[in-house]
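Hi everyone, thanks for coming. I'd like to walk you through one model today, so let's bring it up on the screen.

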Amino acid sequence: MKEVVILGGGYGGMNTLHGLLDQIPEDVHITVVDRNPYHSLKTEFYTIAAGTESDRHARVDFPKHEQVTYVFDEVEKIDTDNETIIIKGGEKSLPYDYLLIGLGCEDNYHGIEGAREFTESVQTFSKARSAGFAINNLGAYGKVTVVGAGLSGIEVASEVRESRPDLNIRLLDRGETVLKAFDSKIQDYVEKWFKDNEVEVIHGANVEYVEKDGVCNNGVCYLNDVTVWTAGVRPNFLVRELPFEKDDQEKVIVNDFYQVPTHQNVYVVGDCAASEHSPSAQLAGQQGEKVADVLNAVLRDRVPERPSEVKLKGALGSLGKNDGFGNMLQKPMTGVLPRLAKSGVLWLSKRH
């Protein structure tokens, strides 16, 4: 049997798995390793943090197949010398002939004192739950600070505002405007939304340190009940430890087939792989589909065709349940339409 191991049941891993199951040879066995017994819809974690949706809203059952085994545990080490995956505790190991790494990312605290210890996060399901408990357990007029005004920060802050109108919400933005990767029309729209909904936005932020009950920014310390960190990510630590060539963001450099050049039986997708595109679920999903095509050829001892270029369809974001923004058909759009489109993408994702 040829052993294929998929690390991570996220968008890249699941699209690879679905692509393989469409035409899996009889002599192939697949093992999927994930900390959770379900596929997590990370793009919806902000709703868990805000308390506007239940866990079930953000998870999908893994597909069942007689040639697929699931291991629900943490990975301790990726041993590429011995082509083995060491599971937490070192009591179990998984040999592989082909390996797909789709372990995603984790928060980048940029070495800021107290950030790791005293902030909440939306990078994993368990951390989003923790953030939701911390925020929704606050009494009236509690203070919440969101650090970082990228897509995650905007969605967390706006969803919390809609969920808890009584809370005092502050958004710390390092730049001169929110959502620096988006069109100025979208930036202006989101800025106005926050102003109209009484979310305080502080630009030019430079967080110096974080304490249990406060955030110190540019010499000013704000008293605070809950701090949510959305100020950047980095690849999973297991990937950063690998002896592969990486880019300046610590992502593994891959060839046109998403293979590690020195270990061509190892494929890397999503937040762990170097790319000209910014990290996103859409990017990871498309890469996963392309890896499945490559592996379907390799597993049959055929020469794979070079994958076509990734063509992203734009980015969508929400401002609560009834408003949103995004780049649609290469045009910046705001309001109800992009919000409906985001809901449609989620609906399709759940019914893949």
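How many bridges join strand β9 to strand β20? Keep that in mind for a second while I say that what you see here is a predicted model. The answer is three, and β9 and β20 run parallel. For orientation, β9 covers residues 98–101, and β20 covers residues 263–268.

Now for another neighbour of β9. Strand β1, residues 2–7, pairs with β9 in the parallel sense as well, over four bridges. Here you can pick out Leu 7, which has Ile 101 as its bridge partner in β9.

So what about the side chains of β9? In a regular strand, side chains alternate between the two faces of the sheet. In β9, Tyr 98 and Leu 100 point one way, while Leu 99 and Ile 101 point the other way. And are these residues buried or exposed? All four are buried.

Let's move over to a pair of helices. Helix α5, residues 151–163, packs with helix α6, residues 184–196, at an angle of about 30°, and their axes are 11 Å apart. Because angles under 35 degrees count as roughly parallel, α5 is roughly parallel to α6. The crossing of α5 past α6 is left-handed.

Who meets whom there? From α5 we have Ile 154, Ala 157, Ser 158 and Arg 161, and they meet Val 190, Trp 193 and Phe 194 of α6. By type, the residues of this α5 and α6 contact are five nonpolar, one polar and one charged.

That's my tour, happy to take questions!

Conventions: Residues numbered from 1 in each chain as written. Predicted model: local features only at pLDDT ≥ 70, side-chain atom pairs only at ≥ 80, totals over all residues. Heavy atoms only, no water. Buried < 20%, exposed > 50% of the residue type's maximum accessible area, 1.4 Å probe, protein only. Helix = DSSP H or I, 4+ residues; strand = E, 2+ residues; numbered from the N terminus. Pairing = 2+ DSSP bridges. Axes fitted to C-alpha atoms, helices over the stretch in contact; angles between N-to-C directions. Parallel < 35°, antiparallel > 145°, perpendicular 65-115°, else oblique. Left-handed = near helix turned anticlockwise from the far one by under 90°. Contact = heavy atoms within 4.5 Å. Nonpolar A, V, L, I, M, F, W, Y, C, P; charged D, E, K, R; others polar.
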